[in-house]
Amino acid sequence: ALTGYLMERHQRVVALELDESLIEPLRARFPGGSFEVRHADAVREDLGFLGAEAPWQVAANLPYSVGSAILRRLMERPDLFTRLVVMLQLEVVERLLATPASKGHGLMALERAARAEADLAFKVPPAAFRPRPKVMSAVVVLTPRQPTWPDDVIDGALAVASRAATRPRKTLAHALKGVGPPAGLPPSGP
């Protein structure tokens with residue numbers, strides 16, 4: 001359904017599909033050069049092939065099991081994407097949009113803040129699906145932005161934040177024992 005809508009509105013659509021049984025039916029339904037479907041895993045596929053025709057917009061109903069991983073990969077490529085419109089589990093979207101000091105603010109919110117602007121578009125109830133999931137979904141619109149810092153600095157800072165976040169019961173000093181500041185960050189404090 002989403003592919004048909006995109007084909008009506010855009011001159012070119014490229015789809016990544018993991019389920020091999022869906023590829024030929026998609027090609028048969030949307031013949032011609034304006035639609036391309038690749039048998040690929042969006043978590044692992046090298047997205048560089050999109051560079052020649054960049055920038056792109058993304059529209060996707062991301063699988064709940066790997067949606068966060070795919071979204072992270074997409075946000076890391078402001079050179080390829082100008083807009084990401086994705087559906088995820090509502091709980092993931094809430095963590096993505098969480099503000100500092102709010103419930104759910106963690107690594108995902110930090111990654112989003114470093115890489116993209118984001119807004120909740122709307123919530124999708126379980127009744128909208130067949131079969132019905134047991135959770136609410138939500139559509140979020142993200143606008144990737146050019147990073148303020150080099151990628152290696154952002155990645156290093158997020159790695160430090162990840163280490164701290166994965167050890168919440170330890171003091172910060174113990175959680176970060178042996179970890180120095182990310183290379184490239186200016187010293188903090190006096």
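Which residues lie nearest the centre of the largest pocket? They are Leu 2, Leu 6, Ala 59, Ala 60 and Asn 61, out of a lining of 47 residues. The model described here is predicted.

**The largest pocket**

This pocket holds about 1,700 Å³ of space. Which element gives the largest share? Strand S3 does, with six residues.

What is the lining made of, by class? It has 34 nonpolar residues, five polar ones and eight charged ones.

**The second largest pocket**

The volume of the second largest pocket is about 170 Å³. Its lining consists of Met 87, Ala 128, Phe 129, Arg 130, Pro 131 and Pro 133. Five of these residues count as nonpolar and one as charged, with no polar residue.

**Helix packing**

Two packed helices are described by the angle between their axes and the distance between the axes. Helix H5 (residues 107–115) packs with H3, and helix H4 (residues 90–97) also packs with H5. The table sets out the two pairs.

| Helix pair | Angle between axes | Distance between axes |
|---|---|---|
| H3 and H5 | about 20 degrees | 10 Å |
| H4 and H5 | about 60 degrees | 6 Å |

Start with H3 and H5. Their axes meet at an angle of about 20 degrees. That angle makes H3 roughly parallel to H5, because angles under 35 degrees count as roughly parallel. The crossing of H3 past H5 is left-handed. On the H3 side, the contact uses Ser 68, Arg 72 and Met 75. On the H5 side, it uses Met 108, Glu 111, Arg 112 and Arg 115. By class, this contact has four charged residues, two nonpolar and one polar.

Now take H4 and H5. Their angle is about 60 degrees. H4 is therefore oblique to H5. Is the crossing of H4 and H5 left-handed or right-handed? It is right-handed. From H4, the contact draws on Val 92, Arg 95, Leu 96 and Leu 97. From H5, Met 108, Ala 109 and Arg 112 take part. This contact has five nonpolar and two charged residues, and no polar ones.

Met 108 and Arg 112 of H5 meet residues of H3, and Met 108 and Arg 112 also meet residues of H4.

**Backbone features in the loops**

Where are the cis peptide bonds? One joins Ala 54 and Pro 55, with omega of about 5 degrees. Pro 55 sits in the loop between strand S2 (35–39) and S3. S3 is also the strand that gives six residues to the lining of the largest pocket.

Another cis bond runs from Arg 130 to Pro 131, with omega near -5 degrees. The loop that holds Pro 131 lies between strand S5 (116–124) and strand S6 (137–144).

Which residue has a positive phi although it is not a glycine? Ala 101 does, at about 75 degrees. Ala 101 lies in the loop between H4 and H5. H4 and H5 are the pair whose axes are 6 Å apart.

Key: Residues are numbered from 1 along each chain as its sequence is written. This is a predicted model: local features need pLDDT of at least 70, side-chain atom pairs count only at pLDDT 80 or more; totals for chains, interfaces and linings use all residues. Side-chain values use heavy atoms; hydrogens and water are left out. On a 1 Å grid over the protein atoms alone, a cavity is a set of points where a 1.4 Å probe fits but cannot get out, and a pocket is an open set with protein on both sides within 12 Å along at least five of seven lines; lining residues have an atom within 4 Å of a point. Grid points are joined across faces, edges and corners, and a volume is the space filled by probe spheres set on the points. Helices (H or I, at least four residues) and strands (E, at least two) are DSSP runs, numbered from the N terminus. Ala, Val, Leu, Ile, Met, Phe, Trp, Tyr, Cys and Pro count as nonpolar, Asp, Glu, Lys and Arg as charged, and the others, Gly among them, as polar. Axes are lines fitted to C-alpha atoms, for helices over the stretch in contact, and angles run from 0 to 180 degrees between N-to-C directions. Angles under 35 degrees count as roughly parallel, over 145 as roughly antiparallel, 65 to 115 as roughly perpendicular and the rest as oblique. A crossing is left-handed if the near helix is turned anticlockwise from the far one by less than a right angle, and right-handed if clockwise. Contact means heavy atoms within 4.5 Å.
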